[in-house]
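Me: Hi! Could you walk me through the labels used for this structure and the cut-offs behind them?

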Amino acid sequence: MSDGDGTGKTGSRTLAIHAGDDHGRGNRPSAPDIVMSSTFVVDQQVGFSANNLTDDTPWMYTRWGNPTTAELEAKLAALEGAEAGLAFATGMAATTALLFHVLGKGDHLVMANTNYPGTAEFARETLGRYGVELTTVNTTSLDKLRQAMRPETRLVWLETPSNPLLRIADIAEASAIAKEHGALLAVDSTFATPVATRPIELGADFVVHSLTKFMGGHGDAMGGSVCGSAKHLAGLRSEGLSHFGGVISPFNAWLIIRGLATLELRMQAHEANALAIAEFLEAHPNVERVLYPGLESHPQHALAAKQMDNYSGMLSFRVEDPEALAARMMQELEVIHYAVSLGHHRSLVYLMKTDELAHTSYALEGDELEAYVDAAGDGLFRLSVGIENVEDLIADLDRVL
Ligand SMILES: *Cc1c(COP(=O)(O)O)cnc(C)c1O
């Protein structure tokens with residue numbers, strides 16, 4: 001039951017509930033239990049180096065492995081159709097551990113030029129200090145991606161759909177380009193979730209999530225994950241978890257396990273609400289532009305339709321005077337929370353100002369800056385559509401628009 005080999009024999013809703021739950025001995029609890037213990041009573045001497053840990057090493061110390069965390073990791077791997085999964089304290093802990101693990105001095109990283117701001121800033125500022133070369137590229141263009149590749153390119157990093165423009169990257173094509181150049185491909189699939197897209201099946205080597213978002217789904221636990229091959233993840237476990245130390249609390253792992261049980265049902269509700277709101281906004285006279293992969297007006301709707309089984313709950317929109325609307329939202333919204341983050345059961349909206357993102361986080365210039373401003377104007381409202389009654393959400397938006 002816990003193998004989750006991605007052949008599709010066991011359904012994803014079954015896997016989300018059952019995968020990885022057989023980590024005990026004898027009669028096991030029906031519902032997931034939480035093992036909060038930081039250490040484990042040992043009845044025979046076990047080596048003390050993280051380098052010698054294997055999947056068969058008995059539980060020793062929660063930074064090296066924990067039964068509750070292992071249940072979450074098995075579920076993540078099963079849902080992504082990957083050999084293995086690792087859970088981290090946050091999405092950024094997962095992202096930075098993977099980037100530090102894969103890249104070294106003299107390596108070249110190709111990354112999307114608009115993505116999660118924390119990832120963009122880390123790649124440019126921190127990795128640069130460690131001698132990693134970075135090229136950022138508009139990954140909606142396969143030609144531009146191909147041109148960015150060099151002999152030293154070790155990793156390509158995509159985010160799809162991406163922050164905040166909801167750009168879609170073609171994972172299968174990008175994987176072919178990466179392979180041609182002997183590089184690995186990582187995909188931040190936080191906005192999509194495995195309900196929509198399974199990057200490993202499309203050729204990615206790593207799939208990264210902020211579990212804080214749709215996967216946990218309730219806005220009450222931070223977490224992150226990397227899924228991939230058993231070989232790659234064994235090295236990442238010893239270096240990125242045991243040594244860097246950004247492990248998830250078993251309590252948060254347990255909350256996210258509970259969230260995963262309803263992931264597919266929630267994603268269906270997120271998508272249905274988001275589509276209805278995207279259509280409402282697109283028809284609203286005070287809205288200049290709506291970006292949602294499920295709308296025919298989305299520049300890459302055809303690719304989204306091919307690559308996504310669910311258009312997810314994230315949309316962005318633009319109005320003439322974003323500052324004034326943000327001020328009204330903070331005062332007058334009754335259902336939707338004016339707050340950062342996304343993927344919760346409740347709806348969240350936030351103004352992503354172009355000055356802060358395009359200039360500070362992404363350092364865009366020339367044509368790429370123009371393309372960003374063309375889509376985003378002075379700023380985009382990023383709306384994470386929750387699973388409330390959609391009429392209440394539309395009434396809330398109509399009141400402030
Ligand atoms: C939130 C987010 C992250 C970072 O995750 P945290 O859990 O906040 O550290 C990374 N990528 C994307 C796409 C995100 O939305």
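**Labels and their cut-offs**

Reply: Happy to! Beyond its neighbours within four places in sequence, histidine 108 is in contact (heavy atoms within 4.5 Å) with Leu103, Glu133, Leu134, Thr135, Ala148, Arg150, Glu152, Thr153, Arg154 and Leu155. This is a predicted model, where local features need pLDDT of at least 70, side-chain atom pairs count only at pLDDT 80 or more, and totals for chains, interfaces and linings use all residues. Residues are numbered from 1 along each chain as its sequence is written, and side-chain values use heavy atoms, with hydrogens and water left out.

Me: Why is histidine 108 called buried?

Reply: Buried means under 20% relative accessible area, exposed over 50%, and partly exposed in between (1.4 Å probe, protein chains only). Histidine 108 has 0% relative accessibility, so it counts as buried.

Me: And why does methionine 36 count as partly exposed?

Reply: Its relative accessibility is 48%, so methionine 36 falls in the partly exposed class. Methionine 36 lies in the loop between helix H1 (12-18) and helix H2 (67-80); helices are DSSP runs of at least four residues (H or I), numbered from the N terminus.

Me: What makes the pair of histidine 108 and threonine 153 a polar contact?

Reply: A polar contact is a pair of N or O atoms within 3.5 Å; within protein, one must be able to donate a hydrogen and the other to accept it, and residues adjacent in sequence count only if both atoms are side-chain atoms. The side chains of histidine 108 and threonine 153 are joined at 2.7 Å, as a polar contact.

Terms used. Helix = DSSP H or I, 4+ residues; strand = E, 2+ residues; numbered from the N terminus.
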